[in-house]
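Visitor: I have a structure open and would like to talk it through. Can we start with the charged side chains?

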Amino acid sequence: MLLLALTLAAGAGAADTAALAPVPPPAAANAAAGMVAVHRQPAIPIVALRLSLLADDPPGYAGAGHLLQHLLLPSLREQVQRVGGEVQVTRGADAVVYTVVGPASELDYLAGVLRSTLRQPSVGEAQLVAAQRELRDERGAEWETAAGHVRALLRGRLFPEELSPAGTPASAERFTPEAVRSLWAAMYRPERVSVVAVGDVQVGRVQDAFARLPAPPESGAVEALADTVAAAPPAPPEATRGWIGLGWSAADADPAAVTVAARLLRDHLRERLPSASVEAEHWWTRDGQALAVVVAAQPAGLPAARRAVGASLGSLGESLDAGRVRAAAAGVRRDMLFYARRPERMADVVGQFIDRAGQADAAQRFYADVERVDEDAVRALLAQLAERTPATVDVPPQKIVNRTP
Amino acid sequence: MTRALLFRAALAALATLPPAAGTLRAQDHVVVRPEPGTPVVAVEVLVAAGPAEETPEQAGLAYLTARVATAPIRPILDSLGAHLTVQAHKDALGFTLTAAPDAWQEASRTLLVALFRDPADSLAAVRERAALRAELIGREASPADALAREVDAAVFGPEHPWRRPAAGFSTTVEKLTLADVDGFIRSYLVPERTVAAVVGPVDAAAAREHLAAFLRGSPWQAPRAEPPAPVESPVRREYSSITAWIAASYPFPPDVDEEAVRMLGELAVEGLSFGPSRRSVYNARAEVVRRAEGGELRIQIVVPPREVDAWAGRIDEAVSRHAEGRMAPSLFADRVRRFRGLRLRELDTPEARAQEAARELFVGAQGRLADLERLDADRLLAAARALRPATLVVLGPFVDGTPAAND
């Protein structure tokens, strides 16, 4: 599974962050590596374990981290299925992440599966070819649908330094079995590993399970090469609706205010464009933050949609009041709780904040910060964003020609 | 602590925590499982109303009524960040509500008022009828749906109300009126037919009191269903599709070991699913449905039409071989290890646990979740032997010219 960045969508269903107010902060302990954080949920004897390695893809080798995940995934699946569990791999802006979920009684076994991802990989040509093909499919999939295409273009304009976790065609040609081993040696350090456990487990047991991590390989230097990307994006998708994307860089803004503002913007535009599909998202990566709007409208409604989206910051400011901000903040917190109700999602949320901030309670503090966002904070943010030129994307609807025989 | 001991201790905690901390008596028709570490509250409301309360011409009325009753409150629930799903079972209407801890009481109050106190909304009735009709037209074109209908007809018999789909037919739903819906609400969406389960970070007594306010003074009327009258098996039905669909339904008695039956279903599906020696199986699945008077294990596979007869036999082999003798200990240990993980993951959301708890209360079952820890080869054997003979239904284009039986 490919996760390009931490996307805090101001709505249900996407990768929202945790709501931890009803539960105490995680118990944290410094293990042999990085951090071990545990959220005890004894309701059912299940545990979700999330292991993340903070690592960039070495220059010139975009996609290396995710390639390694694809190389390991078949074996991980087979091992975890023996205990009726599930494994997910994600490559975020900050880290290479493996998550397993299964019975709490299988903690040691599942931890062993995760620890195995930190050993130097042994890669065959056939394996590498299969993994390369999967990465190529993922690169294409990002651009295949209109929704993904618009987001990929917007992201490229807002975060020009960010490369796809699936890499590039140019970097893919550099991956050989020898190169993969060297890349792993350059990326892996035990101290950059952190573990989040959510479920019916105690911090001491989890700490013990991850007390000994594989030693880093001896040689870790990789020749830095230049990353290259295509000068022009792939052809626009075939879409029957018109798609509009608008994104404002919010690099130095309060993240909680940006999240609440995204929710407000979404609701505001949905009221104004009832027949369009509207999403407003808070994008938060190591390269910065952004407030992004993606709208799809039928051809007849496209001019109105463009006007509404273009003027959205101003019109939102005019309709803003304390009650709406409170309701939006409450909505964001409730969506976070709903998203994190599965152990592996709670682990994902807590873990993403740890990866970014390095603190066990970072997710909980963010949750608390959202509640404190007020009208003044949102107005200040809107004013700040209004002074910036947004990145824009416009994908017109495909013209369908009616040919009668 | 060994793995087995830790698992047993964990399950013991699961089994004992609710009774010690506030699980309620069944006659109160509310059960509460306090879960301090869970981030949201899930409420499952089951109302004993379904096809048995409909005439054949009214098929789908119960489900339409449930949707009409809840449509007007959806904006309110959205504003609370609450999520509601409505399901039609053969024996009950299920309302699954999840909400944040600070909103669950208001959300559940809104739901229960809508079910028990509000009259039918005419605009909602028109909209939901049109929407349901459109959904059913789509569903009725699916071979999976056709198979389910044929299996129900075969398992329950031609006169049984459960032979009809709980959601009805597009041709019956389109004729239902506001008066039908309103009459159904008054007669059947009533507290005495209702049980509820609450799971999440709640105070047990307060949660009980909150729900009991809507159910107080209403003695629980456990649902009673006519016994099924299955038709002669096998049933073959011609159906225009590329693949053939086969289902086998094994009835079981009310005192069956349900977790063992679930494991049996999982083992059977493992033995039937696509693999190196089973390349022609497109899909295989098992489902266990528990009702007050027992239930059924239903296994379904999708295969090429030319292989129908061979696979029909193999379904029964995949189940019946577990009744021949006790599974070898090492093999059982391996299989149950996997099954436990799969089963626990089915219950990894608070709403799944609320649904399970409400269903237990509804059918009068007790503490099934705890049975996972003591699942052994003897219990598996006993469950396999407790199954009654299967009703087999085959749906597809019959390439051998054999006329469809039971026409």
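**Salt bridges and the interface**

Guide: A network of salt bridges links B:Lys90, B:Asp152, B:Arg291, B:Glu296 and B:Arg298. Keep in mind that this is a predicted model.

Visitor: How many salt bridges are there over all chains?

Guide: The search of the whole structure gives 52. Side chains of opposite charge can pair when their charged atoms come close.

Visitor: OK, show me one in chain A. What does A:Arg306 form a salt bridge with?

Guide: A:Arg306 pairs with A:Asp394, and their closest N and O atoms are 2.7 Å apart.

Visitor: Now chain B. Which residue forms a salt bridge with B:Asp257?

Guide: That residue is B:Arg379, with the closest N and O atoms 2.4 Å apart. B:Asp257 lies in the loop between strand 7 (244–252) and helix 10 (258–272) of chain B, and B:Arg379 lies in helix 14 (residues 377–386), so this pair ties together parts that are 122 residues apart in sequence.

Visitor: And are those two, B:Asp257 and B:Arg379, buried or exposed?

Guide: Both B:Asp257 and B:Arg379 are buried.

Visitor: What about B:Glu258, which side chain does that one meet in a salt bridge?

Guide: The partner of B:Glu258 is B:Arg290, at 2.9 Å from N to O. B:Glu258 belongs to helix 10 of chain B and B:Arg290 to strand 8 (residues 283–291), so the pair ties together parts 32 residues apart in sequence.

Visitor: Why does B:Glu258 count as buried?

Guide: Because its relative accessibility is 3%, and the cut-off for buried is under 20%. B:Arg290 counts as buried too, because its relative accessibility is 12%.

Visitor: Change of topic. How many residues of chain A are in contact with chain B?

Guide: On the chain A side there are 33, and they are in contact with 34 residues of chain B. The area buried between the two chains is about 2900 Å², with 62% of it from carbon and sulfur atoms.

Visitor: How many salt bridges are counted between chain A and chain B?

Guide: Five salt bridges are counted there. One of the salt bridges joins the side chains of A:Arg334 and B:Asp102, at 3.4 Å from N to O.

Visitor: Which elements of chain A supply at least two residues of the side that touches chain B?

Guide: Strand 6 (95–103), helix 11 (322–339) and helix 12 (343–357) each do. The residues on that side of chain A divide into 18 nonpolar, five polar and 10 charged.

Visitor: Last one: what does the secondary structure of chain A come to?

Guide: Chain A has 14 helices and 11 strands. Of its 405 residues, 58% count as buried. Chain A exposes about 16400 Å², and carbon and sulfur atoms supply 50% of that area. Among the contacts in chain A with a separation of 6 or more, 83% come from residues 24 or more positions apart.

Note on methods:
Residues numbered from 1 in each chain as written. Chains lettered and ligands numbered in written order. Predicted model: local features only at pLDDT ≥ 70, side-chain atom pairs only at ≥ 80, totals over all residues. Heavy atoms only, no water. Helix = DSSP H or I, 4+ residues; strand = E, 2+ residues; numbered from the N terminus. Buried < 20%, exposed > 50% of the residue type's maximum accessible area, 1.4 Å probe, protein only. Contact = heavy atoms within 4.5 Å. Areas by Shrake-Rupley, 256 points an atom, 1.4 Å probe, with all protein chains shown as cover. Buried area = accessible area lost by both parts, 1.4 Å probe. Salt bridge = Lys/Arg side-chain N within 4 Å of Asp/Glu carboxyl O. Nonpolar A, V, L, I, M, F, W, Y, C, P; charged D, E, K, R; others polar.
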